[in-house]
Amino acid sequence: MSERRPTPASKNSGNGRTGRSTRRSVWRRALPPDQDTAELPEPGSAAAPSGEPPSVVEAALYRDGVRMSTPATLAETYRELREQPAGMAWIGLARPTSDELLSLAAEFDLHPLAVEDAMEAHQRPKLERYGETLFVVLRAARYLDAPEEVDFAELHVFVGPDFVITVRHGAAPDLSAVRHRMEDSPDLLKLGPEAVLYAILDAVVDGYAPVVEGVQNDIDEIETEVFRGDPEVSRRIYELSRETVEFQRATRPLVGMLHSLIAGFAKYDTDEELQRYLRDVADHVTHISERVDGFRQALTEILTVNATLVTQQQNAEMRALAEAGFEQNEEIKKISSWAAILFAPTLVGTIYGMNFREMPELHWVLGYPFAIVLMAIVCTSLYFIFKRKDWL
């Protein structure tokens, strides 16, 4: 983080501010060739198109840790900041228009690549330095109790020698609370834009704590559902795994970002008290990152256990079906055996029951006993055959 100090161009500035005209020329030369510089909004002009709600959530000027004024527009902010050489502007934006960002870029000499990232959003957490300006991308998170899911938002922060610009894409974090906290601590706020960056980092990291607890509760519930055999638990494991991966992507880069800031303490002459605060934030981020890594590992193990339990359940169901099929086959064998045994006398009786005049044994005295004995022999033979094959 850079120390608040005037640039050499400020010596030629009549109002004591840094050389804005020279820096705006640098900004215009850095624009893509197809960008019409005539359409670039001049500092002090209205940024938001007519008919649309303003994107400026709150803008304020501070001096020695005390709020001096609350400009209503970007134009007023630019003008009052020029009139306060030792002041600091803190501008909060929510989903700003491209014209507003271009106006800020021209006034504060923001790098085109950083402005492009702020316009497009959907950036990974990172920290980049462009001259005396830091560009920080953060992923804030909050836990929604009703749907039991994690909502992520994106926050871009520009930190310069005498300004802080926050560009928020999403509901979190509540930067108004951060501003009030800093205004209640003027000794910290007078340390400059670096202190504001610390407060924002601290708020984002503190916002991770309820998310961690919410995810931990979800994992505990999922473990119960897994061993209870809930059929919907696989879907919930998958959804929570996706949220954990996104949470991991939001927290893990912060560890390296804060270590980079800590490494630059000596080079940029960061206040010792502020160094302690930033180290504390780095410790919290490391702890949260480790817990999130543990969540992902736990969900992977739970998914494996759930797959094993589902396989065991399917095997048990298949075994039960096989046993039921076997029992059914045994019953069919018995029924078929008795049907064959009963079919033999029926066949004999049916043949000799035909009303034909010329048939063998019709007038034989022993014809009837012979038919009965024949039926008994056939039925007995079939019974012993089926019994030997364990069909009966």
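Biologist: In β6, what is the bridge partner of Val137?

Modeller: The partner of Val137 in β6 is His156. This is a predicted model, in which local features need pLDDT of at least 70, side-chain atom pairs count only at pLDDT 80 or more, and totals for chains, interfaces and linings use all residues. Residues are numbered from 1 along each chain as its sequence is written, and side-chain values use heavy atoms, with hydrogens and water left out.

Biologist: How many bridges pair strand β5 with β6, and in which sense?

Modeller: Strand β5 (residues 133-144) and β6 pair over eleven bridges in the antiparallel sense. Two strands pair if DSSP finds at least two bridges between them. Strands are DSSP runs of E with at least two residues, helices are runs of H or I with at least four, and both are numbered from the N terminus.

Biologist: Which residue takes a positive phi in that hairpin?

Modeller: Glu148 does, with phi near 55°, and the hairpin has four residues between the strands.

Biologist: What about β7; how many bridges join β6 to it?

Modeller: Six bridges join β6 to strand β7 (residues 163-169), and the two run antiparallel. Val157 has Thr166 of β7 as its bridge partner. This hairpin has three residues between β6 and β7.

Biologist: Why is β6 described as largely enclosed?

Modeller: Strand β6 (residues 149-159) is largely enclosed by the rest of the structure because nine of its eleven residues are buried. Buried means under 20% relative accessible area, exposed over 50%, and partly exposed in between, with a 1.4 Å probe and protein chains only.

Biologist: Changing topic: at what angle do the axes of α2 and α3 cross?

Modeller: Helix α2 (residues 74-83) and helix α3 (residues 98-108) have axes that cross at roughly 10° and come within 11 Å. That makes α2 roughly parallel to α3, a term for angles under 35 degrees, whereas over 145 is roughly antiparallel, 65 to 115 roughly perpendicular and the rest oblique. Axes are lines fitted to C-alpha atoms, for helices over the stretch in contact, with angles from 0 to 180 degrees between N-to-C directions.

Biologist: Which residues of α2 make the contact?

Modeller: Leu74, Tyr78, Leu81 and Arg82 of α2 make it, with partners in α3 including Leu104 and Phe108. Contact means heavy atoms within 4.5 Å.

Biologist: And what follows α3?

Modeller: Asp109 follows α3, and its phi is positive, near 60°.
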